[in-house]
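Here is a short tour of one protein chain, written to be read with the model open beside it. Shall we begin with a pair of charged side chains and work outward from there?

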Amino acid sequence: MPLVGQTEDEVDCMEKISYMWQENLRRQQACYKDTIREQVSAGRTIVLYGAGMYGRKILSLLRQEHIHVHAFAVTQQGYNLPEVMGVPVRTVDEVIRDMPQ
């Protein structure tokens, strides 16, 4: 829907930009999924940095793809619950210390 004072050309341009942005986002998501699948297939452990809103959204997306997340890594444990959505929340130092060599 055009804003007051917008010409048809401006509206068309904005619609094209919006479409291109959405298409680019879809391609990036597919690439990330492929990269994560490759890492899981290679036996790599998946740890998400951040247990906030975006971390929970990414966890949900990974679960839809049946990808196991080992832990959330956070800078400071004191500001976080010990577990989010059934996944342990640990400091970055703890995660690094406990990763297999």
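A salt bridge joins the side chains of R37 and D34, at 3.5 Å from N to O. The term salt bridge is used here for a side-chain nitrogen of Lys or Arg within 4 Å of a carboxyl oxygen of Asp or Glu. Both R37 and D34 belong to helix α1, three residues apart, which is about one turn of the helix. Helices are DSSP runs of H or I with at least four residues, strands are runs of E with at least two, and both are numbered from the N terminus.

A word on the source: this is a predicted model, in which local features need pLDDT of at least 70 and side-chain atom pairs count only at pLDDT 80 or more, while totals for chains, interfaces and linings use all residues. Residues are numbered from 1 along each chain as its sequence is written, and side-chain values use heavy atoms, with hydrogens and water left out.

Through shared partners, salt bridges join K33, D34, R37 and E65 into one network. The link between K33 and E65 has an N to O distance of 3.3 Å. With K33 in helix α1 and E65 in the loop between α2 and β2 (71-74), that pair ties together parts 32 residues apart in sequence. By the same rule, the count comes to five salt bridges.

How exposed are the members of this network? The table gives their relative accessible areas, where buried means under 20%, exposed over 50% and partly exposed in between (1.4 Å probe, protein chains only).

| Residue | Relative accessible area | Class |
|---|---|---|
| K33 | 38% | partly exposed |
| D34 | 42% | partly exposed |
| R37 | 34% | partly exposed |
| E65 | 26% | partly exposed |

**Along helix α1 and beyond**

Does the span of α1 agree or disagree with its residue count? At 1.5 Å a residue, its 34 residues should span 50 Å, and the end C-alpha atoms are 50 Å apart, which agrees. The expected span is 1.5 Å times one less than the number of residues.

E8 lies in this helix, which covers residues 8-41, and E8 counts as exposed at 66% relative accessibility. Together with D9, E10, D12 and E15, E8 forms a negative surface patch. Such patches are made of residues with over 30% relative accessible area and no salt bridge, with like charges joined within 9 Å.

Past the helix, A42 lies in the loop between α1 and β1 (47-49), and its 59% relative accessibility makes A42 exposed. α1 is followed by G43, whose phi is positive, near 85°.

**A buried glycine**

Is G55 buried or exposed? G55, in helix α2 (residues 53-64), counts as buried at 7% relative accessibility. G55 and A73 are 18 residues apart in sequence, and their C-alpha atoms are 9.9 Å apart in space.

Note on methods
Patch = residues over 30% accessible without salt bridge, like charges linked within 9 Å, V, L, I, M, F, W, Y side chains within 5 Å. Areas by Shrake-Rupley, 256 points an atom, 1.4 Å probe, with all protein chains shown as cover. Lys, Arg positive; Asp, Glu negative; His and termini not counted. Charge placed at Lys NZ, Arg CZ, Asp CG, Glu CD.
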